Amino acid sequence: QCYFVLGGFYSASGIVDLAIYNWKKAISYLDTLKRKWARINHMAVLGSEYLSKGDRTECLEYSGIAFREFLKLKRGYSFSALNIARMMLLSNESDSAAYYINIAKEDPAVVSSYADQCSILQTDALYKIQSGALDEAEALLNKCWQLIIENNIEVGPGAGIIAPDYYLALVKIEQKKLDEAIVLLKKDIERLK
């Protein structure tokens with residue numbers, strides 16, 4: 001647990017390589033039979049860090065392991081599915097991204113987590129932006145904001161960073177409304193602080 005927390009500290013501090021080192025160390029100490037859920041969760045977090053680093057191979061490896069294991073448990077797989085979807089979007093593999101986004105929506109654990117729902121909405125909006133469906137993306141992000149306001153969702157819940165204004169700014173950039181994008185990004189910077 002100490003290595004996992006230390007990895008989180010380094011991740012939040014932007015020291016990615018030390019975060020990865022500590023999370024791998026934490027995983028190595030977990031007994032695969034007695035602490036299966038924790039081990040799978042740690043793999044998912046590690047996959048997410050590799051996504052942040054832009055390392056496709058490692059992201060897909062660790063996120064894929066976590067995804068498959070959580071899928072066997074029939075819940076908790078949305079986080080890993082979204083990591084894979086985001087990596088697919090970064091790789092311009094929209095069809096694969098859509099597949100994993102749709103799977104994430106089916107996770108029974110998502111029903112009770114508004115933060116997870118927001119994360120799905122943001123990722124789906126990113127997919128819509130890349131697909132050119134800007135009005136649909138904007139509608140998804142407005143729904144995300146509605147959930148944030150109604151449920152007092154913080155910026156950094158377990159589901160990942162919830163920052164719909166960033167994604168709305170991407171919509172505005174695609175629409176060539178740069179002044180509106182700048183306002184959204186400045187607003188989002190203040191919220192993230």
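The model is a predicted one, in which local features need pLDDT of at least 70 and side-chain atom pairs count only at pLDDT 80 or more, while totals for chains, interfaces and linings use all residues. Residues are numbered from 1 along each chain as its sequence is written, and side-chain values use heavy atoms, with hydrogens and water left out.

- Ile 148 touches Cys 118, Ile 153, Ile 162, Pro 164 and Arg 191, when residues up to four places away in sequence are not counted; contact here means heavy atoms within 4.5 Å.

**Salt bridges**

- A search of the whole structure finds 10 salt bridges, a salt bridge being a side-chain nitrogen of Lys or Arg within 4 Å of a carboxyl oxygen of Asp or Glu.
- Side chains of opposite charge can pair when their charged atoms come close.
- One of the salt bridges joins Lys 53 to Asp 17, with the closest N and O atoms 2.8 Å apart. Because Lys 53 lies in helix α3 (residues 36-53) and Asp 17 in helix α2 (residues 16-29), this pair ties together parts that are 36 residues apart in sequence; helices (H or I, at least four residues) are DSSP runs, numbered from the N terminus.
- Lys 53 is partly exposed, its relative accessible area being 42%, on a scale where buried means under 20%, exposed over 50% and partly exposed in between (1.4 Å probe, protein chains only).
- Lys 36 and Glu 69 meet through their side chains in a salt bridge of 3.6 Å, N to O. This pair links distant parts of the chain, with Lys 36 in helix α3 and Glu 69 in helix α4 (residues 56-73), 33 residues apart.
- Lys 193 forms a salt bridge with Glu 190, for which the closest N and O atoms are 3.7 Å apart. Lys 193 counts as exposed at 76% relative accessibility, and Glu 190 is likewise exposed, with a relative accessible area of 53%.

**Surroundings of Lys 36**

- A network of salt bridges links Lys 36, Glu 69 and Lys 72.
- Lys 36, at 35% relative accessibility, counts as partly exposed, and Lys 36 touches Asp 31 and Glu 69 when residues up to four places away in sequence are left out of the count.
- Lys 36 and Ile 20 are 16 residues apart in sequence, and their C-alpha atoms are 20 Å apart in space.

**Helix packing**

- The axes of helix α5 (residues 78-90) and helix α6 (residues 94-105) come within 8 Å and cross at roughly 165°, where axes are lines fitted to C-alpha atoms, for helices over the stretch in contact, and angles run from 0 to 180 degrees between N-to-C directions. That angle makes α5 roughly antiparallel to α6, a term for angles over 145 degrees.
- Residues of α5, including Ser 78, Ala 81, Leu 82 and Met 88, meet a set in α6 that includes Ser 96, Tyr 100 and Ala 104.
- For α6 and helix α7 (residues 114-131), the packing angle is about 155° and the axes are 10 Å apart, so these two helices are roughly antiparallel to each other.
- Among the residues that meet across α6 and α7 are Ser 94, Ala 98 and Lys 105 in α6, and Ile 120, Asp 124 and Tyr 127 in α7.

**Loop residues and backbone angles**

- Ser 112 is found in the loop between α6 and α7, where Ser 112 counts as exposed at 62% relative accessibility; Ser 112 and Glu 93 are 19 residues apart in sequence and 30 Å apart in space, C-alpha to C-alpha.
- Most residues other than glycine have a negative phi.
- Lys 74, located in the loop between α4 and α5, has a positive phi near 65°, and Lys 74 counts as exposed at 62% relative accessibility.
- Asn 92, located in the loop between α5 and α6, has a positive phi near 55°, and Asn 92 is exposed, with a relative accessible area of 62%.

Conventions
Angles under 35 degrees count as roughly parallel, over 145 as roughly antiparallel, 65 to 115 as roughly perpendicular and the rest as oblique.
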